[in-house]
Amino acid sequence: MIKKSIRIKLTSFREASDDSFFNQILGEDPYETDEDISEQEEEEQGPIEMFSEGELYVTEERVIIAYDESELTGMEGSHTQVRFERSHPGLVTMMRHGTVNTILVFEKGKRHICTYQTEYMPFEICVFTKEVRNTLLTDGRIELDYIVEIRGAQAERTQFTIEIFEN
């Protein structure tokens, strides 16, 4: 096994999305009006960039990036691992433990239902992955383009990039 201390750059761009898994199953909310939708829309913001220190673990079978969340992410007190099997780099899993506990699965063209456990209560989310570009072992990058929806709330599209650099 190879273990390296790394510097991690996390870039995240979020925007509201019309793609709604729960609405596809349950149908449109009859109580929602155009006025309600416009109140939910937020002004478009630029990408958010953060840096963190972490560890990279590489075995014959698996690759893991591990780091602690900061208050900037709203998940301070949580430890995150992003992992994938070397034989299947298009299936990326993000595991968080601490103040927030969850396992998110990213696989192009697939929807995964996940539980998001917070200090207050657990809730179900749907993650639909539009794209996974995993060149971590050659270029030090993982790019994820996905839609997250919490039942009853506006779906949100996220473009998330992890870049690693050796210390």
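The model is predicted, so local features need pLDDT of at least 70 and side-chain atom pairs count only at pLDDT 80 or more, while totals for chains, interfaces and linings use all residues. Residues are numbered from 1 along each chain as its sequence is written, and side-chain values use heavy atoms, leaving out hydrogens and water.

**The overall picture**

- The protein has 3 helices and 10 strands; these are DSSP runs numbered from the N terminus, with helices (H or I) of at least four residues and strands (E) of at least two.
- Reading from the N terminus, the order of elements is β-α-α-β-β-β-β-β-β-β-α-β-β.
- Of the 167 residues, 39% count as buried, where buried means under 20% relative accessible area, exposed means over 50%, and partly exposed lies in between (1.4 Å probe, protein chains only).
- Among contacts (heavy atoms within 4.5 Å) between residues at least 6 apart in sequence, 45% join residues at least 24 apart.

- Strand S4 (residues 79-85) and strand S5 (residues 88-97) run antiparallel and are joined by 6 bridges; two strands pair if DSSP finds at least two bridges between them.
- The link from S4 to S5 is a hairpin through 2 residues.
- S5 also pairs with strand S6 (residues 101-107), in the antiparallel sense and over 6 bridges.
- Follow Met95 in S5 to see both pairings: Met95 is the bridge partner of Gln81, and Met95 has Ile103 as its bridge partner in S6.
- The hairpin formed by S5 and S6 has 3 residues between the strands, and Gly98 in the turn has a positive phi of about 135°.

- Strand S7 (residues 111-117) pairs with strand S8 (residues 122-135) in the antiparallel sense over 7 bridges.
- Here Ile113 stands opposite Cys126 in S8, and the S7-S8 hairpin has 4 residues between its strands.
- S8 is also joined to strand S9 (residues 141-150) by 10 bridges, and these two strands run antiparallel.
- In this pairing, Thr135 stands opposite Arg141 in S9.

**The second largest pocket**

- The second largest pocket has a volume of about 190 Å³.
- On a 1 Å grid over the protein atoms alone, a pocket is an open set of points where a 1.4 Å probe fits, with protein on both sides within 12 Å along at least five of seven lines; lining residues have an atom within 4 Å of a point.
- Grid points are joined across faces, edges and corners, and the volume is the space filled by probe spheres set on the points.
- Strand S1 (2-17), strand S2 (48-58), helix H3 (136-139) and strand S10 (155-166) each supply at least two lining residues.
- Among the lining residues are Ile2, Leu56, Leu137 and Phe165.
- The lining divides into 8 nonpolar, 1 polar and 2 charged residues; Ala, Val, Leu, Ile, Met, Phe, Trp, Tyr, Cys and Pro count as nonpolar, Asp, Glu, Lys and Arg as charged, and the others, Gly among them, as polar.

**A closer look at Thr59**

- Thr59 sits in the loop between S2 and strand S3 (62-68).
- Because its relative accessible area is 25%, Thr59 is partly exposed.
- Thr59 and Ile2 are 57 residues apart along the chain, and their C-alpha atoms are separated by 6.5 Å.
- Not counting residues up to four places away in sequence, Thr59 touches Met1 and Arg86.
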